[in-house]
Amino acid sequence: MSKAGRLEEGDASKVPVPVGSNKGVSVMDLVLRLVGIAGTLGAAIAMGTNEQTLPFFTRFVRFNAQYDDFTSFRLFVFVNAIVCAYFVLTIPLSIVHIMRSVARGSRILLIILDTIMLALLTSGASAAASIVYLAHNGNSSTNWLPVCQQYGDFCQGASGSLIGSFGAIVVLILVILLGAIALSRHPKRVHL
């Protein structure tokens, strides 16, 4: 019976998976983790160095906007640094998965930890995005004026750092999906 015929009859678990088929998935996992490092590190650095000073009537009175003036931005930098360190620490495991494509327990652990990091990064990026939204648009019902008209460079830096963080969120989603695909390709062990 052909492979397609067995799949149609519901025998998908009996279709042999070629040895080394997870190697490509593992290589893609490694590449995505490297992209995640770049995204989170870039976002943390961009936000952490973001500041703008505006002169007011005299040279002695100045208005200054820094990332650490906002608790959400401090959380954003902290969370991106944590996720970047996590990506760096998981690179060796990703390399092990390339060499040993049958590693099952470490893949399950990575999926769990990746999901935790996804939740952490999503919360930090969302909190920062809400402040950036308020800075751009304000809120007329609470009389908060948009400040990006005065602090344009500061707002552009904050918006740019969000791009790297949300890119890393997409990377984490793809890494979780790749881990699940690699686990689904393992032959099932039946103990009688």
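Asp-29 and Arg-33 join their side chains in a salt bridge, 3.0 Å from N to O (that is, a side-chain nitrogen of Lys or Arg within 4 Å of a carboxyl oxygen of Asp or Glu). Arg-33 also pairs with Asp-114, with the closest N and O atoms 2.9 Å apart. Keep in mind that this is a predicted model, where local features need pLDDT of at least 70, side-chain atom pairs count only at pLDDT 80 or more, and totals for chains, interfaces and linings use all residues. Residues are numbered from 1 along each chain as its sequence is written, and side-chain values use heavy atoms, with hydrogens and water left out.

**Salt bridges**
- Searching the whole structure turns up 2 salt bridges, and Asp-29, Arg-33 and Asp-114 are linked in a network of them.
- Asp-29 and Arg-33 sit 4 residues apart in helix H2, so about one helical turn separates them (helices are DSSP runs of H or I, at least four residues, numbered from the N terminus).
- Asp-29 is buried, at 7% relative accessible area (buried means under 20%, using a 1.4 Å probe and protein chains only).
- Arg-33 is buried too, with a relative accessible area of 1%.
- Arg-33 is in helix H2 and Asp-114 in helix H4, so their pairing ties together parts that are 81 residues apart in sequence.
- Asp-114 is likewise buried, at 1% relative accessible area.

**Cavity**
- There is 1 cavity of 30 Å³ or more (a set of points on a 1 Å grid over the protein atoms alone, where a 1.4 Å probe fits but cannot get out; lining residues have an atom within 4 Å of a point).
- The largest cavity holds about 70 Å³ of space, a volume being the space filled by probe spheres set on the points.
- Its lining includes Asp-29, Arg-33 and Asp-114, along with His-97 and Arg-107.
- Helices H2 (21-48), H4 (105-137) and H5 (152-184) each supply at least two lining residues, and H4 gives the most, with 4.
- By class, the lining has 5 nonpolar, 2 polar and 4 charged residues (Asp, Glu, Lys and Arg count as charged; Ala, Val, Leu, Ile, Met, Phe, Trp, Tyr, Cys and Pro as nonpolar; the others, Gly among them, as polar).

**Nonpolar core**
- The largest nonpolar core has 36 residues, and those touching the most other members include Met-47, Phe-73, Phe-87 and Leu-172 (a core is a set of buried Ala, Val, Leu, Ile, Met, Phe, Trp, Tyr and Cys residues joined through side-chain atoms within 4.5 Å).
- H2, helix H3 (71-99), H4 and H5 each supply at least two residues of this core, with the largest share, 12 residues, coming from H5.

Technical notes:
1 Å grid on protein atoms, 1.4 Å probe; cavity = no way out; pocket = protein on both sides within 12 Å on 5 of 7 lines; lining within 4 Å. Buried < 20%, exposed > 50% of the residue type's maximum accessible area, 1.4 Å probe, protein only.
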